[in-house]
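Please keep the sequence and the 3D view at hand as you read.

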Amino acid sequence: MSFARPRPLLCLPRLCFAGLIVGCGAPITGTGSAGTSTGEPGATDATGSSTESQLPTTTGVTGVMSSSASESGEALTTGDDTTGGGVPEPPDLQCPGDKSGKCDADEGAVLEAGAAVLPTVPDCFETWVDLDMNFEYKKGNDELHDCGCDRLCPGDEGYIGPDEGEGDGKLHAAWMAGFGNGRPAAGVRGEGVGLPGVGEGDGLWARGTVLRKGNTTVAIVAIDAVGWFNGDVLAVRQMLAEQDLDVDHLIVHATHTHEGPDTMGLWGSELFVSGYDPLYRTQLRNAVVSVVQSSFKDMREVASMKVGEVDISTYHENGVANVISDHRDPWVVDEFLSAAQLLDKDGLSIATLVNYGCHPETVADENLLITSDFVHALRRTVELGSVWESAPGVPGVGGPVIYLNGAVGGMMTTLGVNVINPNGDSFQSAGFEKADSIGQLLGEMALDALANADDVPAPDLRVIHKIFRVPVVNKSFQFLFENGTVEREVFINERTMEQEIQTEMSLVELGPIQMLTVPGELLPELAVGGYDGSRINAPGVPLIEADNPNPPDVSKAPKGPYIKDRMTSTYRWIIGLANDELGYIIPQYNFELAAENPWVDEADGDHYEETNSLGPDMAAFVNKHADLLMYWAKP
């Protein structure tokens, strides 16, 4: 049987928003890989040549920042047919044993952990009813619940009086992110929508854990958001420091749901109008801080740790295609789903971490209810167990579940998937029944991973962290940064006069797990290869569609070893959209722009992701800094 791969949904003609966003800017002519070197020691240009010059002082659009030069030496292989600049620079943080002395090793320490969960549905927005069923709000055509921030009107239970925006005749919207502009949320998905018994508890959440071993403390918080820029993360770190919370390193991961409020400024009421409500920005930052605070209060000794993984292709005759699709040639899916559980001395679950890569966009662009998409049913299943109408469920393991999305780029999605669930029902069209089916199936797989997991005695904890700059080649992004639609600190490289932004990557080692954070949407082939067809894992699916008018030349693809091959622990996790969201990270051999109107129009074939990428060099930067982190992780 063959499985058709529908084209990605485009939110507006010629403008696509599923990754970052495109706008208008001075066009670049030509295709492919004309790139720019940042001047950072060891950076690579678009041709893969090493640039070993020193990083000059750079003047920011919003300030001035200087960077000291470092030395380069022996070449460092990146796995993307490029080389880094030699012996890698030292990391900015390495715990335990950082040179600052802040996290000296404590040989007698045991691992402790705490976890917390807080809702992040916006505190302030108004709801409405789409009477004309066109998925757009128009005053007079639709019903406005003009109840103000708290969504309570006179006569409602709990009403204490009018609040901000109440009765003014205007919709105070929560603008939903991920597909297009002008999509105001009509409410929050709850019980009674989707599969019976699954909807309760849906919405948006901040879920996190604090891990501490001796003098090393790492906080990992996942928020149900389309993405979160590095500036928000830096602000939260400052808030934690001001409250004297002893965290050596904070990771904030966005699950990438396309059914929550704009958290990046890209999906407001209209093009080039930010939809990131300042009140919601404050709410989210405070929520992340509160999750860390509450996790410290929940801190317990980790008496045991379980880690396992499963091959999702083995659960159905359709292989991976029962729960995931790849919308960009070549078809490559990382078929592994991993789970790790931390338990206290009473055998109670402190936290369960689940790692898997797919876009949470199952209910698609015509949904108006805030939801965490399939992630909700996945987490609920691991916590409470699965619920099927005519098939037996699987019991959960309790405790909070933290979902960490993986390599979601190019394009790991549930759109177009025809899922068949244990009830015998099949769902292909976008909807909550489909999201609940996929989420519960994945949740059951995570439970299998735990049931067959390795027991890990006395797990270690280590974190290595590096800050670096990347060039902004995408002209649309340059425009969005310059006009303030996207609030981002931008620097000008005085040598190249190119725009640059600052980002970061980290490597966390927790027992036998290495978690590599990536500041965007990594295409899975950069992590696992599969250019030879070895990562299809779905019967009848071709590596490259026969009707692709501009197929990739996989003979030019990087030969590896790929990122996961170069990681050294037993369990190798990619955590995408971590501490930043810089759009799609694409193999350079297959980075192609439209000859006319590039960065806005996509080239023929599967080249949507380029319009939502910083530029063709991002894969080399990620590869280089992954290798840098792994170099310093060596015993």
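## A left-handed link across the chain

With -55 degrees about the S-S bond, the disulfide of Cys124 and Cys149 is left-handed. The term disulfide stands here for a pair of cysteine sulfur atoms within 2.5 Å, and in this link the sulfur atoms lie 1.7 Å apart. The pair ties together distant parts of the chain, 25 residues apart: Cys124 belongs to the loop between strand S6 (111–119) and strand S7 (127–129), while Cys149 belongs to the loop between strand S8 (143–145) and strand S9 (187–188). Both Cys124 and Cys149 are buried; buried means under 20% relative accessible area, exposed means over 50%, and partly exposed lies in between (1.4 Å probe, protein chains only).

Before we go on, a word about the source: this is a predicted model, in which local features need pLDDT of at least 70 and side-chain atom pairs count only at pLDDT 80 or more, while totals for chains, interfaces and linings use all residues. Residues are numbered from 1 along each chain as its sequence is written, and side-chain values use heavy atoms, with hydrogens and water left out.

## The other disulfides

A search of the whole structure turns up three disulfides. Counted along the chain, the bonded cysteines of the protein chain follow the pattern 1-2, 3-5, 4-6.

Cys95 is joined to Cys103, with an S to S distance of 2.0 Å. This link is left-handed, with -85 degrees about the S-S bond. Cys95 has a relative accessible area of 0% and is therefore buried, and Cys103 is buried as well, at 0%.

Cys147 pairs with Cys153, S to S 1.8 Å. The torsion about their S-S bond is about -105 degrees, so this disulfide is left-handed. Cys147 counts as buried because its relative accessibility is 6%; Cys153, with a relative accessible area of 17%, is buried too.

Now turn to strand S11, residues 216–223, where eight of eight residues are buried. Helices (H or I, at least four residues) and strands (E, at least two) are DSSP runs, numbered from the N terminus. Which residues of S11 point one way, and which the other way? Thr216, Val218, Ile220 and Ala222 point one way, Thr217, Ala219, Val221 and Ile223 the other, and all are buried.

Strand S10 (residues 205–213) runs antiparallel to S11, and eight bridges join them; two strands pair if DSSP finds at least two bridges between them. Gly208 stands opposite Val221 in S11. The hairpin of S10 and S11 has two residues between the strands, and there Gly214 takes a positive phi near 65 degrees.

Strand S12 (residues 249–254) runs parallel to S11, with six bridges joining the two. Here Val218 stands opposite His249 in S12. From S11 the chain crosses through helix H1 (residues 230–242) to S12, and this β-α-β crossover is right-handed: with the strands pointing away from the viewer, the path from the first strand over the helix to the second runs clockwise.

## The chain as a whole

The protein chain has eight helices and 30 strands. Of its 635 residues, 61% count as buried. Among contacts (heavy atoms within 4.5 Å) between residues at least 6 apart in sequence, 77% join residues at least 24 apart.

The protein chain exposes about 22,500 Å², and carbon and sulfur atoms supply 50% of this area. Accessible areas come from the Shrake-Rupley method with a 1.4 Å probe; for residues, only the protein chains shown count as cover.
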